[in-house]
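These are my notebook entries on one protein. I recorded what I looked up, entry by entry.

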Amino acid sequence: LECTESALVQLQAKDPQNLEITAELASFQARSGQPQLAEVNFSNYFKKGGISSGAAYEFAQLLQKQNKVEEAARYYDIALVNKPDALQVTIVHSYVSMLMQAGKMLEAKTVIESVRNQGESAKAFMTKEYEEITASASPSRR
């Protein structure tokens, strides 16, 4: 692990403009239990113009683990926006779950509805979660 990280750090030092190296280093740090370093490198990646959907998803998950819900939501949005032509089921599920756990039911409902509006085949997307959200908003449950 140390050799891999050292190699990535050296590559980043030699080519600081190569954002993919920064994203790879951040991803490696997140996976190897170094969330603070990963957060710094992911932040730098996006500040410098990085747009990888995968990096945004990984960063969102890292922030979510730290209970930084608002920041995580921002990067979940980036992950989804940067690949608009593909339904990213895993990302959407993670995003909706985080929002529901944080009590942000309206936002979770909006995310599900945006997917459902993408076509007939998506009309029943996340039915269980959608019903749970709808039930929690009904007056009879208050």
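I looked up the contacts (heavy atoms within 4.5 Å) with a separation of 6 or more, and found that residues 24 or more positions apart account for 39% of them in the protein. I note that this is a predicted model, in which local features need pLDDT of at least 70 and side-chain atom pairs count only at pLDDT 80 or more, while totals for chains, interfaces and linings use all residues. Residues are numbered from 1 along each chain as its sequence is written, and side-chain values use heavy atoms, with hydrogens and water left out.

I then looked up burial: 39% of the 142 residues count as buried, that is, under 20% relative accessible area with a 1.4 Å probe, protein chains only. The protein exposes about 8,400 Å², of which carbon and sulfur atoms supply 52%.

Next I turned to secondary structure, taken as DSSP runs (helices H or I of at least four residues, strands E of at least two, numbered from the N terminus). The protein has 8 helices and 0 strands.

Helix 6 (residues 89–101) and helix 7 (residues 105–116) pack at an angle of about 160°, with their axes 7 Å apart. Axes are lines fitted to C-alpha atoms over the stretch in contact, and angles run from 0 to 180 degrees between N-to-C directions. The two helices are therefore roughly antiparallel, the term for angles over 145 degrees. Helix 6 contributes Val-92, Tyr-95, Val-96, Leu-99 and Met-100 to the contact, and among the residues of helix 7 are Met-105, Glu-107 and Val-111.

Key
Parallel < 35°, antiparallel > 145°, perpendicular 65-115°, else oblique. Buried < 20%, exposed > 50% of the residue type's maximum accessible area, 1.4 Å probe, protein only. Areas by Shrake-Rupley, 256 points an atom, 1.4 Å probe, with all protein chains shown as cover.
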